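Reader: I would like to go through this model feature by feature. Please give the general idea where there is one, then the case at hand.

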Amino acid sequence: MRRNTNYRAWGSVGHYIQGPGLLEEIESYASEFGQAHFYIIDVFFYDEWKEKLKALYRNSKSTFSCRVYEGEITHRKIAEFQKQAVGTEIDTVIAIGGGKSIDAAKVTAARMDCALLICPTIASTDAPTSAMSILYSEDGKMNEIMLHKRNPDLVLADSRIIAQAPARFLTAGMGDALSTYFEGLSNIQSGHENYVWCDKKPFVSTVSGRAIAKCCYETLIRDGYAAKLACERHLCVPALENIIECNILMSGLGFENVGCSIAHAIGNAITVLPEGENLMHGERVGFGVICQLAAEHYDTKTLEEVLNFCIMIGIPVCFEDMSIELTEENLQQIAEESLEADSWQACSRTCQKEDIVQIMKIADAFGCDYKKKHAVK
């Protein structure tokens, strides 16, 4: 069935600011949006930043309260944050932390009609800029994608804090960002809709969205390896700054405006296995990109460029890298789970479960063979 491609749409964060030490100025930035601030802070940063906020607000005209975030993002947890915020007359919700604390803040701000500020402490996903939250069931299974009417008003990316995090987070963010360009091409070729205001009518990508998705890939290939080395040494050099922007802003604008496809359908489905739960989102999606290149019959040059990039920065290129046995049972489980994803609709070919199994097998063969030829352990 031919899709209606007459309407195109663009969605984006209100403001994006990046640089070393910016989080130390959070009170002044937040006060531009209101004077009653409600912080949702990741458990790993809560004690430190609760004390820092007391100092930052000591002479401020604004007030703040803060709550710790821990565990999965569920409807029950969101309701708890709302209950804590009600009665305080807050006008600004601020997240400090990783993807799940960020998504929790998005839902809380949307339900309370507040301004929203996002302060990512890692660059492992493109969640900070988008108008999307991913919710989980109480047993930890992803079960709902929630689209919001507004993107965050401000994303404040403190590159000094991000550079102090383990490099694996940055690498996983690159795996997630790697999918942006190739999944965008799938959506463009099939005329599939993006994630902008999908509750109103389907929209396709703009020229601007496509250009950012392409720039995202080019930046990864140019600066990814240098950024990984810099992050391992906690150095805020230009390559690292570029990849932080790539992982958070370019990838965020890219996926929201051009859409997802096979890489995310398979990458997310790998969590059906216990071993998959031990992998980060971008690590699974990075392998999903190789599956997508196989499914859409990309040329050898592109495939080898992607394989080389993944190996250089530490993204899995085969099932062995993910500590998953290549058994029919495991492949069948992943394939069946992946078919639940709407993003298969962006693929130009129709795939059944057995097709997906074969896609994963050949992707694994590509990775294993490339590692063998280049003597990669």
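Author: Start with a single residue, bearing in mind that the model is predicted. Ser-159 has a relative accessible area of 0%, so Ser-159 is buried.

Reader: Where does Ser-159 lie, and which residues does Ser-159 touch?

Author: Ser-159 is in helix α5, which covers residues 159-164. Not counting residues up to four places away in sequence, Ser-159 touches Gly-19, Pro-20, Cys-236, Glu-241 and Ile-244.

Reader: How should I read a nonpolar core?

Author: In soluble globular proteins, nonpolar side chains tend to be buried together. Here the largest nonpolar core has 87 residues, and those with the most contacts inside it are Leu-170, Leu-178, Ile-266, Val-306 and Met-360.

Reader: Which helix gives the most to this core?

Author: Helix α8, residues 238-258, does, with 8 residues. Another core, of 18 residues, lies apart from it, and Tyr-57, Cys-66, Ile-94 and Ile-161 are among its members.

Reader: Which residues is Leu-178 in contact with, leaving aside its neighbours within four places in sequence?

Author: Leu-178 is in contact with Tyr-217, Leu-220, Val-289, Val-306, Phe-309 and Cys-310.

Reader: Back to α8. How many of its residues are buried, and where does α8 bend?

Author: Of the 21 residues of α8, 18 are buried, which leaves the helix mostly covered. The bend, about 40°, is at Cys-246. After α8 comes Gly-259, with a positive phi near 95°.

Reader: How is a pair of packed helices described?

Author: Two packed helices are described by the angle between their axes and the distance between the axes. For helix α6 (residues 167-190) and helix α9 (residues 262-269), the axes come within 9 Å and cross at roughly 145°. On the α6 side the contact is made by Asp-176, Ser-179 and Glu-183, and on the α9 side by Ile-262, Ala-263 and His-264. Sorted by class, this contact of α6 with α9 has 2 nonpolar, 2 polar and 2 charged residues.

Reader: What is Ala-346 in contact with, its neighbours within four places in sequence aside?

Author: Ala-346 is in contact with Ser-186, Asn-187, Ser-190, His-192, Cys-260 and Ser-261. Ala-346 and Gln-189 are 157 residues apart in sequence, yet their C-alpha atoms are 8.2 Å apart in space.

Terms used
Residues numbered from 1 in each chain as written. Predicted model: local features only at pLDDT ≥ 70, side-chain atom pairs only at ≥ 80, totals over all residues. Heavy atoms only, no water. Contact = heavy atoms within 4.5 Å. Core = buried A, V, L, I, M, F, W, Y, C linked by side-chain atoms within 4.5 Å. Buried < 20%, exposed > 50% of the residue type's maximum accessible area, 1.4 Å probe, protein only. Helix = DSSP H or I, 4+ residues; strand = E, 2+ residues; numbered from the N terminus. Axes fitted to C-alpha atoms, helices over the stretch in contact; angles between N-to-C directions. Nonpolar A, V, L, I, M, F, W, Y, C, P; charged D, E, K, R; others polar. Bend = angle between axes of the 7 residues up to and from the residue.
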